[in-house]
Amino acid sequence: MLGQMQSQPLLISMLMDFAERHHGDGEIVSRRVEGDVHRYTYRDLAGRAKQLAHALDGAGLAQGDRVATLAWNGYRHMELYFGVAGSGRVVHTLNPRLHPEQLAWIVNHAEDRVLCFDMTFLPLIQAVHGNCPTVKQWVALCDADKLPADSGIPGLVSYEAWIGGHSSQYIWPQLDENTAAGLCYTSGTTGNPKGALYSHRSTVLHAYGGALPDAMGLSARDSMMPVVPMFHVNAWGLPYGATLTGCKVVFPGPAMDGKSIYELMESEGVTMAAGVPTIWQMLLSHVQGNKLKFSALTRTVIGGSACPPAMIDTFREEFGVDVLHAWGMTETSPLGTVCTLKNKHLALPREEQLQIRLKQGRAIFGVDMRIVGDDGQEQPWDGKTFGDLQVRGPWIMQSYFKGSDPSVKDAAGHDWFPTGDVATIDADGFMHITDRTKDVIKSGGEWISSIDIENIAMAHPAVAMAACIGMPHPKWDERPIVAVVKKPGAELTREELLAFYEGKTAKWQIPDDVVFVDAIPLGATGKMLKTRLRELLKDYRLPGA
Ligand code: ADP
């Protein structure tokens, strides 16, 4: 027997309609490529998303056609999220930090029909447009008078002219909720980029889950700044969560340095922000260096790579800001877990709380997770035994766009997505990433967590960034070394740092060597690129090896 409730598909247009009707005057503030700060409301956003939908109809785009974006976080990008998906097309966010060849490869693989780009990326588009034959319309996200006369890009139009003449009334199509809505390629730190194709249903459910109090806790009382780029797994779903809750949105645009982000946070009363650890490193050094305080910020979601415990502690103790450590992947929309304490943890002393806070946290309802051993058997949740992390749920990818299905089945026939991460889960359900499978260091048959080694180095006051990799060793197979970037002006010797490890980890896990470097290579989403670091250190030999 079926229930007798209205059957309404979960659609991205539903989020837009809700925002327009229920918090239409909510503010969306964007620092623009043009340099100024732009303000408008959810109602304005909805009207312009509808104008865009007309423009897409006018361009003859079919349902399911891909519309690519190459843009910073800002209101026009948000209009694309809703106008493209709402009208039944697929928003494909491109990462401008990719190598031009890789970018063209992705555009061709996705068969993008329209590509909308911020003027910052004009040179990049000029370099790649000849290699992107599927793109029939190039759109510059600017006013008509900002369009260069001689761009060399055939048929280039300005976004404002393109959508300008259209009506701000539009009836969104009633789609099947499983219709494709968004496409995002992994950044390629683990091989060739692969596309995760999100549906309306997965996107709406992910927005619901992400807004929960034990996830990102978004509300209409927040002023929220997604520092995480909209091309990095849809800014972790925050633009969708915003329409669902009506929080004020503050987009940092292209100004991603510590000073610009801090100033915008302060002037717009930002209460909640989200980004990768490298961004917060920059922000903290600006704030500490200038003896500043956050006047409104209460919490920041940090994920994408392991957040060093020292950063969690500094935010809490110096600034009264809670770090919500989160874990996810392109293939998981991305939110899988967020670290929020349980009631029973609140009375614990600071140090014990920190030991929990540094974990990647508990699964959000909708996501199930498990760890399995080499034999495929599920491992216990004891906080010690580690295994390959697998996840399942309505916003977890089944198979790659035009690609393979990596899922593994359990005895009950359920599909699990193998994340490529190694983790422990404790009795309270807190998951802790030890490593990526390929970064784990195998020394004498035992595993060493590169993240643990990095976290200890990062707690040293002279260390700005640390990356631990395994080096071949004749006796132990591999031994860890740590590549370190010193803070400007700081003094630190190899011996001092190695001594700093004493008592903080088992003796055999202490790195064999410290290599001082000017910078650690970062990938397109601001994560340490260990593949590149290994290449740079290919002639390195361990002492005594
Ligand atoms: P890519 O795989 O191309 O780097 P993703 O953004 O999908 O791009 O990366 C997902 C991976 O990032 C995860 O599998 C995990 O290894 C890592 N990651 C994400 N969040 C965290 C976190 N909080 N702690 C440790 N690792 C993390």
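Three elements, α11 (277-289), α12 (309-319) and β24 (463-473), each supply at least two residues of the lining of the second largest pocket. Helices (H or I, at least four residues) and strands (E, at least two) are DSSP runs, numbered from the N terminus. The largest share of this lining, 5 residues, comes from α11.

The model is predicted: local features need pLDDT of at least 70 and side-chain atom pairs count only at pLDDT 80 or more, while totals for chains, interfaces and linings use all residues. Residues are numbered from 1 along each chain as its sequence is written, and side-chain values use heavy atoms, with hydrogens and water left out.

**Pocket and cavities**

On a 1 Å grid over the protein atoms alone, a pocket is an open set of points with protein on both sides within 12 Å along at least five of seven lines, and a cavity is a set of points where a 1.4 Å probe fits but cannot get out; lining residues have an atom within 4 Å of a point. Points are joined across faces, edges and corners, and a volume is the space filled by probe spheres set on them.

The structure holds 4 cavities of 30 Å³ or more. For the class counts, Ala, Val, Leu, Ile, Met, Phe, Trp, Tyr, Cys and Pro are nonpolar, Asp, Glu, Lys and Arg are charged, and the others, Gly among them, are polar.

| Space | Volume | Lining by class |
|---|---|---|
| Second largest pocket | about 410 Å³ | 10 nonpolar, 6 polar, 2 charged residues |
| Largest cavity | about 120 Å³ | 6 nonpolar, 5 polar, 5 charged residues |
| Second largest cavity | about 50 Å³ | 2 nonpolar, 6 polar, no charged residues |

Of the 18 residues that line the second largest pocket, Gln281, Gln288, Met458, Val463 and Lys487 lie nearest its centre. The largest cavity is lined by 16 residues, with Arg32, Val33, Gly74, Tyr75 and Asp118 nearest its centre. Both β1 (27-31) and α3 (75-86) give two or more residues to that lining, and α3 gives the most, with 3 residues. Around the second largest cavity stand Tyr198, Ser202, Thr203, His206, Asn234, Gly237, Tyr240 and Ser333; helix α7 (residues 200-211) provides the largest share, 3 residues.

**Nonpolar cores**

A nonpolar core is a set of buried Ala, Val, Leu, Ile, Met, Phe, Trp, Tyr and Cys residues joined through side-chain atoms within 4.5 Å. Buried means under 20% relative accessible area, exposed over 50%, and partly exposed in between (1.4 Å probe, protein chains only). The largest core has 141 residues, and those with the most contacts inside it are Leu115, Phe117, Met265, Trp280 and Phe294. Helix α2 (residues 42-58) contributes the largest share of this core, 8 residues. Another core lies apart from it and has 19 residues, including Ala466, Val484, Ile510 and Val514.

**Phe294 and its aromatic partners**

Leaving aside neighbours within four places in sequence, Phe294 is in contact with Tyr262, Met265, Glu266, Leu283, Val287, Phe315, Phe319 and Val321, where contact means heavy atoms within 4.5 Å.

The structure holds 10 aromatic pairs. One of them joins Phe294 and Phe319 edge-to-face, at 5.3 Å centre to centre and 70° between the planes. This pair links distant parts of the chain, 25 residues apart: Phe294 is in the loop between α11 and β13 (299-303), and Phe319 is in helix α12. Rings of Phe, Tyr and Trp (its six-membered ring) pair if their centres lie within 6.5 Å; planes under 30 degrees apart count as stacked, over 60 as edge-to-face and the rest as tilted. Both Phe294 and Phe319 are buried. Ring pairs link Tyr262, Trp280, Phe294, Phe315 and Phe319 into a cluster.
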